[in-house]
Amino acid sequence: MRRPRDGVEVPRRAWVVLAVVCISIFLVVIDASIVNVAFPTIGADLNTTDATLSWILTAYNVTVASLLLLAGRTADRLGRKRVFLVSVAVFTVASLLCSLAPTAGSLIGFRVLKAVGGSAIFPSSLALVLTEFPVERRSAAVGIWSAVAGFGGAVGPSAGALLIELFGWRGIFWATVPFGAAVVVLGRRYLTETRVATDDGRLDVIGVPVSVLGVALVLLAVVQAEHWGYTSARTITLAGVGLVLLPFLVWRSRRHPSPVLDLSLFGIRSFRVATFATLFFGCAFLGGFFLNSLLLQRLWDWPVWKTGLGLSPSPLMSVVASWWVGRAADRLGHRWLTAAGSGLCVAAFAWQFWRVGAVADYVSDFLPSMLMLGAGAGMAITCITAAPLADLGSDQFAMGNATARTVQQLCYGVGVAAVVALLGAGGAADLARYPYAWTWLICAYGLAGLTMALFYPSGSAAGRAADGAGATGTASPTGRTRNRQG
């Protein structure tokens with residue numbers, strides 16, 4: 001192995017672990033992007049309505065978001081390798097069941113089962129990777145992890161269209177089965193079991209259902225508000241109960257010796273600031289991509305296949321940016337790179353605000369914004385994923401990632417709901433409504449960048465560890481995780 005210029009070597013085993021984990025992340029991301037393309041075909045084959053079809057996506061997203069905290073806690077207690085392999089196996093079996101579903105109701109049920117597996121893949125996989133990499137190379141690993149996820153999002157629609165053309169909608173589900181099985185086989189051989197050595201307390205039997213129910217009710221109310229009505233009794237009741245349960249979860253976690261939400265993480269400055277920035281970033285990220293899809297299909301009246309091609313430059317550019325920024329963040333830190341990426345996203349939607357009209361002019365009016373958004377989102381999503389974990393000990397990786405991703409998932413739902421509300425009923429075909437949505441996205445991305453620029457610690461995680469940054473509210477990156485060859 002050739003020694004790198006800074007003298008920090010990454011063991012070959014770490015790259016193997018990263019490769020295994022990246023396959024699983026690719027499967028989860030591509031599954032989410034493929035399903036959207038298959039809705040018309042599924043509806044025609046199963047003879048169901050659009051309202052029922054929407055639950056194929058809604059049930060999956062709500063289940064993933066509500067189980068992330070529990071998944072992270074379980075991975076720390078039972079072992080990251082064990083939880084990862086079980087979650088991939090559940091995800092794979094559920095994919096096979098989805099391909100065999102005889103009715104829309106059974107398909108929704110199997111998608112919920114798939115979400116149970118998917119919810120545990122995210123926190124356990126990243127914890128397995130970061131434990132293998134030295135602190136000086138962890139952002140590079142996250143950059144590759146994010147690039148693979150971005151590539152899955154980029155190829156998902158076109159791959160889904162091809163599979164549907166060749167095998168029908170059931171092909172989008174069974175095509176992932178052999179890859180999931182391969183991850184389980186490779187994972188059993190190459191992954192190392194790690195768990196938190198000091199986490200031997202009983203799981204909070206009250207905090208767990210409260211966390212699951214609180215997150216699920218809030219997100220369900222947000223994503224269904226358009227269909228139920230923003231002031232309907234159902235929307236207000238679910239949101240109200242969820243918003244009461246979440247503060248109760250915080251109160252409970254402060255008092256329980258083994259809480260489902262580890263509040264000590266928020267005592268670490270880098271985690272606290274980056275998670276707060278994720279609030280704003282999440283409100284813009286998915287909503288922005290959703291708005292661009294509506295713009296091409298509803299405002300410019302493009303067909304689905306042409307819309308997929310028109311949007312593809314953004315995720316492809318994000319793959320390149322993620323790869324580069326992960327390596328740069330190990331040297332420069334996450335503060336200014338996140339701010340710069342968020343700034344590019346602001347510029348992308350400001351460009352649309354200034355240039356996009358009712359008459360389609362893709363090359364001049366839309367393509368530049370796609371390139372800026374792809375570069376900016378690739379930079380920012382990589383850093384916003386790695387930044388909360390930068391100063392955590394290895395015993396905190398799974399729980400820290402689960403907490404940050406729960407915030408992100410909740411805000412994804414808020415962001416999409418905000419775009420829909422700002423466009424209004426039928427507003428996606430009216431250019432006069434778009435400035436409201438563009439303004440929302442510009443402000444959200446801008447606040448994410450400002451939060452990181454003003455408050456996130458300077459320098460790299462390795463530099464802060466070398467300088468003894470514990471005095472500034474950061475944790476040792478070594479941690480207390482117990483490792484065992486798996």
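This is a predicted model: local features need pLDDT of at least 70, side-chain atom pairs count only at pLDDT 80 or more; totals for chains, interfaces and linings use all residues.
A residue is called buried when its relative accessible area is under 20%, and exposed when that area is over 50%.

In helix α16, which covers residues 434–455, the buried residues are Y434, A437, W438, L441, A444, Y445, A448, G449, T451, M452 and A453. These buried residues pack against four other helices, namely α10 (269–299), α13 (335–355), α14 (362–386) and α15 (397–423). The length of α16 was also compared with expectation: at 1.5 Å a residue, its 22 residues should span 32 Å, and because the C-alpha atoms at its ends are 32 Å apart, the two values agree. A similar check was made for helix α9 (233–255), where the 23 residues should span 33 Å and the end C-alpha atoms lie 34 Å apart, which again agrees. The buried residues of α9 are T235, L238, G242, L245, L249 and S253.

These helices belong to a protein that contains 17 helices and two strands. Its radius of gyration is 22 Å, close to the 23 Å that the globule rule gives for 486 residues, and the protein is therefore as compact as a globular protein of that length. Taken along the principal axes, the box filled by the C-alpha atoms is roughly 55 × 50 × 50 Å. Of the 486 residues, 57% count as buried, and among the contacts with a separation of 6 or more, 84% are made by residues 24 or more positions apart. The protein exposes about 19,700 Å², of which 67% is supplied by carbon and sulfur atoms. Its charged side chains comprise 37 positive and 23 negative ones, and the centres of these two sets lie 7 Å apart.

Two buried residues illustrate the interior in detail. L261 is found in the loop between α9 and α10, and because its relative accessibility is 8%, which is under the 20% limit, it counts as buried. Leaving aside residues up to four places away in sequence, L261 touches L69, L249, V250, S253 and T403; of these contacts, L249 and S253 are themselves listed among the buried residues of α9. The C-alpha atoms of L261 and D204 are 9.7 Å apart in space, although the two residues are 57 residues apart in sequence. S99, by contrast, is placed in a helix, α3 (residues 80–100), and with a relative accessibility of 5% S99 also counts as buried. Beyond residues up to four places away in sequence, S99 touches R170, F173 and W174.

R331 is found in helix α12, which covers residues 313–332, and its relative accessible area of 58% is over the 50% limit, so R331 is exposed. D301 is found in the loop between α10 and α11 (304–311), and at 63% relative accessibility D301 counts as exposed. The backbone of D301 has a phi near 60 degrees, a positive value in a residue other than glycine. In general, most residues other than glycine have a negative phi.

Note on methods. Residues are numbered from 1 along each chain as its sequence is written. Side-chain values use heavy atoms; hydrogens and water are left out. The radius of gyration is taken over C-alpha atoms; the globule rule is 2.2 Å times the number of residues to the power 0.38. Buried means under 20% relative accessible area, exposed over 50%, partly exposed in between (1.4 Å probe, protein chains only). Contact means heavy atoms within 4.5 Å. Accessible areas come from the Shrake-Rupley method with a 1.4 Å probe; for residues, only the protein chains shown count as cover. Lys and Arg count as positive and Asp and Glu as negative; His and the chain ends are not counted. The place of a charge is taken as NZ of Lys, CZ of Arg, CG of Asp or CD of Glu. The expected span of a helix is 1.5 Å times one less than its number of residues.
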